[in-house]
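User: I've just opened this one and could use a quick tour. Can you walk me through it?

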Amino acid sequence: MNKNKRNIMLTLVALVVLFGVACFAQTEIDSYVRRIINLCLIYAIIGLSMNITNGFAGQFSLGQAGFMAIGAYMVGIFTVPVNLRADVFYATPMHPWLVNIYIPLWLALILGGVLAAVVAGLIGTPVLRLRGDYLAIATLGFSEIIRIVITNATSVTNGALGIKNIPPLNDVRYIFLVTAISYIIITLLLNSSYGRAFKAIREDEIAAEAMGIGLFYHKNLAFMVSAFFAGIGGGLYGALLGTVDPKNFLFTITYNFLLIIVLGGMGSITGSMFGAIIVTAGLEYLRLFDEPLELMGVAIPLFRPGLRMVVFSILLMICVLFWRHGIMGTNELTWEKILNFVKHPLAGFRKKGVQGK
Amino acid sequence: MLKVRDLVVAYGGIEALKGISLDVPDGKIVTLIGANGAGKSTLLRSIIGLVKVKSGSVEYNGDTLTGLNSQQIVSKGLTLVPEGRRVFPNLTVLENLRIGAYMRKDEEGIAADIKRIYEIFPRLEERNWQMAGTLSGGEQQMLALGRALMSRPKLMMMDEPSLGLAPLVIKEIFNIIRSINENGTTVLLVEQNANMALKVAHHAYVLETGRIMMEGSGKELLENEEIKEAYLGKKKK
């Protein structure tokens, strides 16, 4: 129990330090880097949300884009200042019921998450009876349906024109706090008996059922929690961009998060964080491959827009070949490991496979 | 304790159990032997609620179990050690045990039971932090037994605990089964290893293609000529 207390203290200290870094980043760092940090944090939330269903409960779901869209549109519809709405909805006027309702961002984020979770509950009831590839296809389909409904509900969502004039959220501190709270809640959930039940279902459904674990209840719970945090992440994403558009939520964006969790480790909380940072920052900083390069007066022919993705894909393949279970696998970066490393930095090389007892 | 009456279970149109009746009295070891496809596993799976029953009834201490889901049945004190062990391979030994106690909420009792199980199976304590998938077959079977014990079952059903294990390990497992029973847990054991199973059984049933062909005490069946020939591999003189 003493160890638990120490871990909680260390976590709190780390959070305070990181918050300090966020404050520093907010005032001292240029806006390009700040934007990348913000994106990393948001992607970390959505990545972890996807990891709940895919990595922990073992249900291969590809619906994240749809749930993100719900959260983003909740922010888009309700946080645009009332006096600017006529400019936004210039083609079709906004529905008269909604036109005067303004909700602050924090509440819109929560409501977006709740709505996403409700939709997930409705979808989950029929869909979660499926397994494996079939579940993936069905959730993918539902996420497209959500997007198409949004595109066509013009008086609410402004349809294909998207919603502009969302007060841009360019605040690392705010996004950091939301991310931290999300991570804390999800970690507590996954370390509780619910988390164990998720893992049991992932490992062996029949054995889990024979232990008295309700399959349907837990699958649906995982799916709804996952959608809730995807909705919150989507809301932050919309607020960060300052505009939402159905094209932002094509199913291809789901693959970004699949990439994050496969790279970070399916079933690892800290892995989702690392995956998000590597994928987001990696994609940004590899942009140098997209620009023409001249070495000693000779233009290197391959450097042109598009090369970035080639390099990124090669890096990914290398990653998957050498770390088949992602960077973290199902392991976590715990304080024990960090402290052990600080005490005996080379122990890992001398003796392999030593585990705490 | 457990009463099964005229149980019929069908997969699609094919009946796997064609009307089975049996009793498991309190505190005893009851064994079910039979060849592949006789319906032994189906019987256990239908008792625990993993398979739907077509007709007939299962009663446990006077409560009807047919129609309940596995959660409700497990909470009544039944548990199944599934065929082929089915431990959770990528979870640690400790996590496996804790999942066994999933239906319980008394943290102190759970901690005490984990300790008790480590006393019964010292080998599991040594491997506390190891992934269950890395254990040997015998250790996995021990873990499956320990996991089932974590729910504090009154009736423990085991599906072929000797499957794929070395003879020495089988002996050890059967000794443990006997001691579990002596500590007050009723056991319903399904086995192909008829010799070992009949030796520990107080009462035994022989199942053939969905029907019960014979019953008697373990000793009676061990000495029965037909059983000897069909299941024990000894020739009639």
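**Where the chains meet**

Analyst: Let's start with the contact (heavy atoms within 4.5 Å): 20 residues come from chain B and 21 residues from chain A. Keep in mind that this is a predicted model, where local features need pLDDT of at least 70 and side-chain atom pairs pLDDT 80 or more, while totals for chains, interfaces and linings use all residues. Residues count from 1 along each chain as written, chains are lettered from A and ligands numbered from 1 in written order, and side-chain values use heavy atoms, without hydrogens and water.

User: How much area do chain B and chain A bury between them?

Analyst: About 2,100 Å², with 61% of it on carbon and sulfur atoms. Buried area here is the accessible area (1.4 Å probe) that two parts lose on being put together, summed over both.

User: And which residues in chain B lose the most area to chain A?

Analyst: Arg86(B), Phe88(B) and Tyr102(B), which together account for 27% of what that side buries.

User: How many salt bridges does the rule find across the interface?

Analyst: Two, going by a side-chain nitrogen of Lys or Arg within 4 Å of a carboxyl oxygen of Asp or Glu. One of them pairs Glu95(B) with Lys199(A), whose closest N and O atoms are 3.2 Å apart.

User: Which helices of chain B supply at least two residues each to the side that touches chain A?

Analyst: Helix H2 (70-75) and helix H3 (93-100). H3(B) gives the most, with four residues. Helices (H or I, at least four residues) and strands (E, at least two) are DSSP runs, numbered from the N terminus.

User: Switching topic: is Glu139(B) buried or exposed?

Analyst: Glu139(B) is buried, at a relative accessible area of 5%. The cut-offs are under 20% for buried and over 50% for exposed, with partly exposed in between (1.4 Å probe, protein chains only).

User: Where does Glu139(B) lie, and what is it in contact with?

Analyst: Glu139(B) lies in helix H6 (residues 137-149) of chain B. Apart from neighbours within four places in sequence, Glu139(B) is in contact with Arg123(B), Leu124(B) and Arg127(B).

User: What about chain B overall, how many helices and strands are there?

Analyst: Chain B has 10 helices and 10 strands. Its C-alpha atoms fill a box of roughly 50 × 45 × 30 Å along the principal axes. Of the 237 residues in chain B, 51% are buried.
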